[in-house]
Amino acid sequence: MEAKRWQKARRSQRLPLDISVLVHRPPKEGPQFYERTRTLSASAHGALLALTGLVAPRQRLLLQNSASGEQQECRVVSVERDLAGPSKVAVEFARPAPGFWRIAYPPADWKSNP
């Protein structure tokens, strides 16, 4: 239900992107964890991820694009727990980062939200 709220508040178009990322907590943000996962969807402002690690809304995370090595700070917007698999975690970048995903033809609204 929380993830649906994130969908309604979109500031840029979300695309169904399957991009390899490494997610981890910054120092002093709780128990350290590093998890390789893939995006379920992404936008200029963040992404929806499948995570097995425990995270909470408002928690800061670092997201690294596995292909480019670029890293962005983000915060957890919502967590939708799934008893049968990983949680769906919506994250929002600290600053819009449309180039983070390295896609050739991003939607027009990504460019208007630098």
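## Overview of the chain

The protein chain contains two helices and six strands, and from the N terminus onward these elements follow the order α-β-β-β-β-β-β-α. Of its 114 residues, 46% count as buried, while the accessible surface comes to about 6,600 Å², with 53% of that area belonging to carbon and sulfur atoms. Among the contacts between residues at least 6 apart in sequence, 55% join residues that are at least 24 apart.

Because the model is predicted, its confidence deserves a careful look before any detail is read from it. The mean pLDDT of the protein chain is 87, and 89% of the residues reach 70 or more. Among the elements, helix α1, covering residues 2-8, has the lowest mean pLDDT, at 49, whereas strand β1, covering residues 20-24, has the highest, at 97.

## The barrel and its hairpins

The six strands form a closed barrel in the order β1-β2-β3-β6-β5-β4, and their pairing is antiparallel. Neighbouring strands of this sheet are turned by 45° against each other on average, if direction is ignored. As background, strands of a sheet pair through backbone hydrogen bonds, either parallel or antiparallel.

With β4 (residues 60-65), strand β5 (residues 71-80) pairs in the antiparallel sense over five bridges, and Leu-61 has Cys-74 in β5 as its bridge partner. These two strands form a hairpin with five residues between them, and Gly-69 in the turn has a positive phi of about 85°. With β6 (residues 87-93), β5 is joined by six bridges, again in an antiparallel arrangement, and a hairpin of six residues connects the two strands. In this second pairing, Arg-75 has Glu-92 in β6 as its bridge partner, and Ser-78 stands opposite Ala-90 in β6.

## The nonpolar core

The largest nonpolar core has 24 residues, of which Val-23, Leu-49, Val-55, Leu-61, Leu-63, Val-91 and Trp-101 touch the most other members. The elements that give two or more residues to this core are β1, β3 (46-51), β4, β5 and β6. In soluble globular proteins, nonpolar side chains tend to be buried together.

## Residues in the loops

The loop between β6 and α2 (108-111) also holds Pro-96, which is partly exposed because its relative accessible area is 32%, a value between the cut-offs of 20% and 50%. The C-alpha atoms of Pro-96 and Trp-110 are separated by 8.7 Å, although these residues are 14 places apart along the chain.

Note on methods
Residues numbered from 1 in each chain as written. Predicted model: local features only at pLDDT ≥ 70, side-chain atom pairs only at ≥ 80, totals over all residues. Heavy atoms only, no water. Pairing = 2+ DSSP bridges. Helix = DSSP H or I, 4+ residues; strand = E, 2+ residues; numbered from the N terminus. pLDDT = per-residue confidence, 0-100. Buried < 20%, exposed > 50% of the residue type's maximum accessible area, 1.4 Å probe, protein only. Contact = heavy atoms within 4.5 Å. Areas by Shrake-Rupley, 256 points an atom, 1.4 Å probe, with all protein chains shown as cover. Core = buried A, V, L, I, M, F, W, Y, C linked by side-chain atoms within 4.5 Å. Axes fitted to C-alpha atoms, helices over the stretch in contact; angles between N-to-C directions.
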